Amino acid sequence: MSEQTQERAVPAERVVVVGAGMAGVQTAVALREQGFAGTVTLIGAEPHQPYDRPPLSKAVLLGTAEGSAFDVDFEALGIELRLGCEALGVRPGEHLLDTSAGPVPYDALVLATGAEPIRLPGAEGVPGVHLLRTLDDAERLRPVLARQHDIVVVGAGWIGAEFATAAREAGCAVTVVEAADRPLAGALPAEVAAPMTAWYADAGAVLRTHARVERVEPGEPGAVILDDGSRLPAGAVVVGIGARPATAWLAGSGIELGAHGEVLADERLRTSVPDVYAVGDCASFPSGRYGERLLVHHWDNALQGPRTVATNIVGDAPATYDPVPYFWSEQFGRFVQYAGHHTSADTTLWRGDPSGPSWTVCWLRDDRLVALLAVGRPRDLAQGRRLIEAGTAMDPRLLTDPARPLKAATA
């Protein structure tokens, strides 16, 4: 991406941010915090005030909160909001963003359009089939939970588990169907995900693995038909089978995309064309720490990356982005946290009994911690994250003692 080495000859005066989720909002705020005095325009496809997504699968869904709007005074910060405005394309040569409200000129453009849920093939438009990605999705699902329908959740990933948790709290009968042999098959190794299988039954939910959906039958109630002929009654079906970067609108722009449709950003979060940056769920970036390109679909990435983008737009000194990825999930009464990236590890060590309420898995490479998963052990997570960042050598023998603080298990 040789174009990425080109530096802007004059400072940017107009920054346009596409996407009004966490990454977009934080980019706009960070620009002001870092002293950017030009115009900042934040463009969002939804009509709602910009809002945070994690509460959608918890408080908003269960009716304990009406919404999750960001506590940001956009007017006081001089950030122009253009909501209900859809991005349609980019013309880098002319420095123009095409939108449903007409072209918008920019000096620097930030792509922060996030990811969109993958739809269940053949189920688009079928009444009673839901996704959970937006505030409107949560509002449509709230009365479904209130009526305590039989619910079928398709997909036992993070979002599927969180929704199943909320549905059980609301008193619904819940069946989760997963095509793989275990929950979180795309995120965790088999031996680490295995203890989580029991969480479903403990919470009164049914988990069916090796289960593929053949079709969804609408009705009162409807049903989910599996490929083995099983028929699952379903007052509602919630699909959580993953997400893909929301980048189809960039076709023909010349902005380089990766195998998963993500924008290929460099270590400074610049794209393959000048003056265009990408941050959050829609972009991957090269990690020097892990020696590979990372595509991270989690809240913390959308929180941290914007500071790097803002620094590089303001232009006082170049900044690189190489975080220790982090995320958390609340499911079935457990607080699950993950930090790092485990695929390059050569050793897996356990702290505590995985059949118990709290335990941690540590991944090491050359006796250095590269990732950990903590269930009900937030201190392990906090200390482990710092150890990963520092590249500290660990003593594997000490590490497996759950009574010993992680920071006291160094070599």
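This is a predicted model: local features need pLDDT of at least 70, side-chain atom pairs count only at pLDDT 80 or more; totals for chains, interfaces and linings use all residues.
Visitor: Let's start with strand E2. Is it buried or exposed?
Guide: Strand E2 (residues 39–44) has 5 of its 6 residues buried, so it is largely enclosed by the rest of the structure. Buried here means under 20% relative accessible area, with exposed over 50% and partly exposed in between, using a 1.4 Å probe and protein chains only. Strands are DSSP runs of E with at least two residues, helices are runs of H or I with at least four, and both are numbered from the N terminus.

Visitor: Which strands pair with E2?
Guide: Strand E1 (residues 14–18) pairs with E2 in the parallel sense over 5 bridges, and strand E3 (residues 79–83) also pairs with E2 in the parallel sense over 5 bridges. Two strands pair if DSSP finds at least two bridges between them. Val 18 has Ile 43 in E2 as its bridge partner, whereas the bridge partner of Leu 42 is Leu 81 in E3.

Visitor: How does the chain cross from E1 to E2?
Guide: Strand E1 pairs with E2 over 5 bridges, and the chain crosses between them through helix H1 (residues 22–33) in a right-handed β-α-β crossover. Right-handed means that, with the strands pointing away from the viewer, the path from the first strand over the helix to the second runs clockwise.

Visitor: What span does H1 have, and what covers its buried residues?
Guide: H1 has 12 residues and reaches 16 Å from its first C-alpha to its last, close to the expected 16 Å, where the expected span is 1.5 Å times one less than the number of residues. In H1, 10 of the 12 residues are buried, so the helix is largely enclosed by the rest of the structure. The cover over those buried residues includes E1, E2, E3, strand E7 (108–111) and H7, with contact meaning heavy atoms within 4.5 Å. H1 is followed by Gly 35, whose phi is positive, near 90°.

Visitor: And H8?
Guide: Helix H8 (residues 378–390) has 13 residues and reaches 19 Å from its first C-alpha to its last, close to the 18 Å expected. Its buried residues are Asp 380, Leu 381, Gln 383, Gly 384, Leu 387 and Ile 388, and what covers them includes E22, E23, strand E24 (347–351), strand E25 (359–365) and strand E26 (368–375). Just after H8, Gly 391 takes a positive phi of about 65°.

Visitor: Switching to rings, how many aromatic pairs are there?
Guide: A search of the whole structure finds 8 aromatic pairs. In Phe 327 and Tyr 338, the ring centres are 5.3 Å apart and the planes are at 20°, so the pair is stacked. Rings of Phe, Tyr and Trp (its six-membered ring) pair if their centres lie within 6.5 Å, and planes under 30 degrees apart count as stacked, over 60 as edge-to-face and the rest as tilted.

Visitor: Where do Phe 327 and Tyr 338 lie?
Guide: The pair links distant parts of the chain, with Phe 327 in strand E22 (residues 326–331) and Tyr 338 in strand E23 (residues 334–340), 11 residues apart. Phe 327 is buried at a relative accessible area of 10%, and Tyr 338 is buried at 7%. Trp 350 and Trp 359 form a tilted aromatic pair, 5.5 Å centre to centre with 35° between the planes.

How values were computed
Residues are numbered from 1 along each chain as its sequence is written. Side-chain values use heavy atoms; hydrogens and water are left out.
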